[in-house]
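Please open the structure in your viewer and keep the sequence panel beside it.

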Amino acid sequence: MIFSCLSEKKLDNFSRGTEYAMHEKQYVQVDEHGVMRIGTTRVMLDALVAGFEQGHSPETIQQQFPALSLKEVYGAITYYLSHRDDVQAYLKRQEALWKALRAEAEKQASPVVKYLQALRVADVPDAS
């Protein structure tokens, strides 16, 4: 009888733990554009991962992004560490996208941007 009560208590704790895990907060969300963002903020996971890989502490990262709580920073880092391959694949796709967007922007640069680029190439000092 004692054993059955003990087993039921363990099962109850297990059930509660499973229920908690099912309702656990998601610290990384994918928005409508396929961008991984932290929680409900506009902060991209890319920025957090870059800071983390540069050796910044979670507290320093949180100071850099005041929209995030320290709990969200730790949660996003945990997500990154738990899904490293998926996040690295996402980061590679993001880099390719940004490269393509930069190339497109350079093709369609405004006259002012083209003039400034020409100045840079000609190594003309600023007129300040």
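Buried residues, meaning those under 20% relative accessible area with a 1.4 Å probe and protein chains only (over 50% is exposed, and in between is partly exposed), make up 23% of the 128 residues in the protein. This is a predicted model, in which local features need pLDDT of at least 70 and side-chain atom pairs count only at pLDDT 80 or more, while totals for chains, interfaces and linings use all residues. Residues are numbered from 1 along each chain as its sequence is written, and side-chain values use heavy atoms, with hydrogens and water left out.

**The whole chain**

Colour the model by secondary structure, where helices (H or I, at least four residues) and strands (E, at least two) are DSSP runs numbered from the N terminus. The protein has six helices and two strands, and along the sequence they follow the pattern α-β-β-α-α-α-α-α. Contact here means heavy atoms within 4.5 Å. Of the contacts in the protein with a separation of 6 or more, 44% are accounted for by residues 24 or more positions apart.

**Helix H2**

Next select residues 45-53, which form helix H2. Its residues Leu45, Asp46, Leu48, Val49 and Gly51 are buried, and what covers the buried residues of H2 includes S1, S2, helix H3 (58-64), H4 and H5. H2 is followed by glycine 55, whose phi is positive, near 95°.

**The nonpolar core**

A nonpolar core is a set of buried Ala, Val, Leu, Ile, Met, Phe, Trp, Tyr and Cys residues joined through side-chain atoms within 4.5 Å. Which members of the largest core touch the most other members? Among its 17 residues they are Ile38, Leu45 and Leu48. The elements that give two or more residues to this core are strand S2 (36-38), H2, helix H4 (70-82) and H5, and H4 gives the most, with four residues. Now centre the view on leucine 45, which touches Val28, Met36, Arg37, Ile38, Ala76, Tyr79 and Val87 when residues up to four places away in sequence are not counted.

**H2 against H4**

Show H2 together with H4, remembering that axes are lines fitted to C-alpha atoms, for helices over the stretch in contact, and that angles run from 0 to 180 degrees between N-to-C directions. The axes of H2 and H4 come within 10 Å and cross at roughly 85°, which makes H2 roughly perpendicular to H4. In this scheme, angles under 35 degrees count as roughly parallel, over 145 as roughly antiparallel, 65 to 115 as roughly perpendicular and the rest as oblique. The residues in contact are Leu45, Leu48, Val49, Phe52 and Glu53 of H2 and Val73, Ala76, Ile77, Tyr79, Tyr80 and Leu81 of H4. By class, this contact of H2 with H4 has ten nonpolar, no polar and one charged residues, where Ala, Val, Leu, Ile, Met, Phe, Trp, Tyr, Cys and Pro count as nonpolar, Asp, Glu, Lys and Arg as charged, and the others, Gly among them, as polar.

Within helix H4, select tyrosine 80, which counts as buried at 2% relative accessibility. Leaving aside neighbours within four places in sequence, tyrosine 80 is in contact with Val49, Phe52, Glu53, Val87 and Gln88. The C-alpha atoms of tyrosine 80 and phenylalanine 52 are separated by 9.9 Å, although these residues are 28 residues apart along the chain.

**Helix H5 and its neighbours**

The contact is made by Leu45, Asp46, Val49 and Glu53 of H2 and Val87, Gln88, Tyr90, Leu91 and Gln94 of H5. Glutamine 94 lies in helix H5 and counts as buried at 9% relative accessibility; not counting residues up to four places away in sequence, glutamine 94 touches Val35, Met44 and Asp46.

The axes of H4 and H5 come within 5 Å and cross at roughly 95°, and that makes H4 roughly perpendicular to H5. Here Tyr79, Tyr80, Leu81 and Ser82 in H4 meet Arg84, Val87 and Gln88 in H5.

Aspartate 31 and arginine 42 are eleven residues apart in sequence and 9.3 Å apart in space, C-alpha to C-alpha.
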